[in-house]
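Welcome! Here are some notes to read alongside the structure.

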Amino acid sequence: MSQKYFIVTYGCQMNVHESEKIAGILRRMDYVESDKLENADIIVFNTCCIRENAENHAFGNIGALKKLKKQKPETLIAVGGCMTQEKGKTEILRKKFPFIDIMFGTLNLEELESLIKRKKSQKKKVIEIREKEGEIIEFEDAYRTSYPNAWVNITYGCNNFCSYCIVPYVRGRERSRKPEYILAEVEKLVKEGYKEITLLGQNVNSYGADGSTGMTFAQLLDKVASIEGKFRVRFMTSHPKDFNEDVVRVMAKHEKICKLVHLPVQSGSNPVLKAMNRRYTREKYLDEIKMLRSYFPEAEVTTDIIVGFPGETEEDYLQTEALVKEVDFASAFTFVYSKRQGTKAAEMENQIPEEVQKDRIMRLVALVNSLTRKKSEKYVGKTVEILCEDYDEKKGLYLGRDEFGRMGYFASMENKIGEFVQLKVTKANGISLFGEIDQ
Ligand code: 5AD
Ligand code: SF4
């Protein structure tokens with residue numbers, strides 16, 4: 001029997017680990033990974049729909065396969081992820097791309113193997129999108145691609161219904177994984193040599209909030225960081241409405257936990273935060289940063305910010321700028337508000353004209369970049385611990401990150417991937433650091 005090949009793509013950062021699970025399913029079915037479309041026997045798109053451009057990107061990528069499918073009709077094309085869970089989207093996908101063979105949702109990813117088998121036994125396309133979230137199905141054989149980092153889900157779904165966000169509609173209500181599974185997974189990963197564990201959830205702070213796990217996020221974090229071995233622990237995403245001192249106390253107890261919190265603020269203006277249904281104020285957010293830095297003055301914070309939300313005035317926007325300066329974020333993901341059908345914000349009046357949105361995002365990006373650059377410059381002359389994660393062929397340098405997520409490059413004759421190295425920083429360039437290994 002000849003070898004069968006697969007390709008899995010992912011639409012956004014949140015989908016990376018899910019794509020690793022899909023790849024795990026395909027490997028279990030004896031497919032091996034390929035990077036050439038023409039070799040692939042199955043191509044799986046794990047789509048994202050959080051913003052319109054992610055969706056357009058997916059449409060573009062799927063559309064580009066039309067020719068290939070004509071030349072090689074036996075190539076299976078499967079589409080999964082958030083887009084297929086969106087109301088009415090499967091119908092649109094089906095009409096626009098009649099050559100799709102399989103469609104599956106975020107809530108029935110585990111069924112992919114049986115869906116592929118079913119498709120192979122019938123001519124008709126297979127469309128199976130589960131509407132309602134069920135029990136969490138534990139998943140053992142993800143095919144991890146980000147060594148020495150490993151992603152570990154702690155919750156699925158989201159209950160927050162921020163008024164702009166489609167995630168609760170396409171990923172269902174929040175469910176927490178049982179602590180024993182999480183701890184066993186982390187132990188196994190550490191034994192296998194993973195050096196950085198990132199606990200994942202849309203709002204990690206509400207882990208176990210439904211009483212189903214018998215422990216809070218702070219307690220879980222404490223247990224994860226108590227596992228023996230040299231490795232780092234990160235977690236994301238924290239929600240400012242639930243982030244609390246219990247978590248910070250656990251961070252203080254363990255050197256393993258990176259003193260970096262990803263705490264999306266979204267806006268610096270109270271009226272906008274209220275309209276976004278974020279359920280905290282600018283003042284509460286700033287108090288949390290103060291509390292965090294009272295434990296660790298060196299703590300870094302990264303964030304997500306949306307500009308051009310319906311009704312956002314210039315004054316609101318300037319409040320965001322002021323907050324960005326006050327917090328002095330290590331970095332920020334900045335987004336232009338994107339209207340998502342079915343969300344509350346899509347119905348709001350005062351949608352902001354595109355030129356205004358563009359102007360604001362440009363100003364905000366310039367501000368964030370200038371802060372990041374300043375921070376990088378402060379590194380020069382210092383020695384930081386970097387976890388080496390890759391080799392950059394173009395630069396001919398190894399690269400890795402420090403505890404605060406800052407990228408550092410260095411030369412080495414030996415393969416350093418998966419090792420902690422002391423990097424003496426000699427140069428800073430925008431968001432990246434360059435240096436030499438300090439023996
Ligand atoms: N438009 C723009 N940005 C959005 N995000 C979520 N929904 C939207 C939207 N409709 C951003 C938020 C969130 C991040 C993952 O994506 O900032 O924190
Ligand atoms: Fe979306 Fe808000 Fe849930 Fe984050 S917390 S996934 S922004 S609804």
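1. Which strands each supply at least two residues of the shell around ligand 1? They are strand S13 (300-307) and strand S14 (331-336); strands are DSSP runs of E, at least two residues long, numbered from the N terminus.

2. Before going further, please note that this is a predicted model, where local features need pLDDT of at least 70, side-chain atom pairs count only at pLDDT 80 or more, and totals for chains, interfaces and linings use all residues. Residues are numbered from 1 along each chain as its sequence is written, chains are lettered from A and ligands numbered from 1 in the order in which they are written, and side-chain values use heavy atoms, without hydrogens and water.

3. The shell around ligand 1 (residues with a heavy atom within 4 Å of it) includes Ile-50, Tyr-164, Phe-335 and Arg-340. A polar side-chain atom of Asp-304 sits 2.6 Å from an oxygen atom of ligand 1, and one of Gln-266 sits 2.7 Å from an oxygen atom of the ligand. From Ser-338, a polar backbone atom is 2.8 Å from a nitrogen atom of ligand 1. Taken alone, ligand 1 exposes 410 Å², of which the protein buries 89% (Shrake-Rupley method, 1.4 Å probe).

4. Around ligand 2 you will find, among others, Cys-158, Cys-162, Cys-165, Tyr-164 and Arg-278.

5. Finally, have a look at Asn-149, which lies in strand S7 (residues 149-153). Why does Asn-149 count as buried? Because its relative accessibility is 12%, and buried means under 20% relative accessible area (1.4 Å probe, protein chains only).

Technical notes:
Helices (H or I, at least four residues) and strands (E, at least two) are DSSP runs, numbered from the N terminus. Buried means under 20% relative accessible area, exposed over 50%, partly exposed in between (1.4 Å probe, protein chains only). A polar contact is a pair of N or O atoms within 3.5 Å; within protein, one must be able to donate a hydrogen and the other to accept it, and residues adjacent in sequence count only if both atoms are side-chain atoms.
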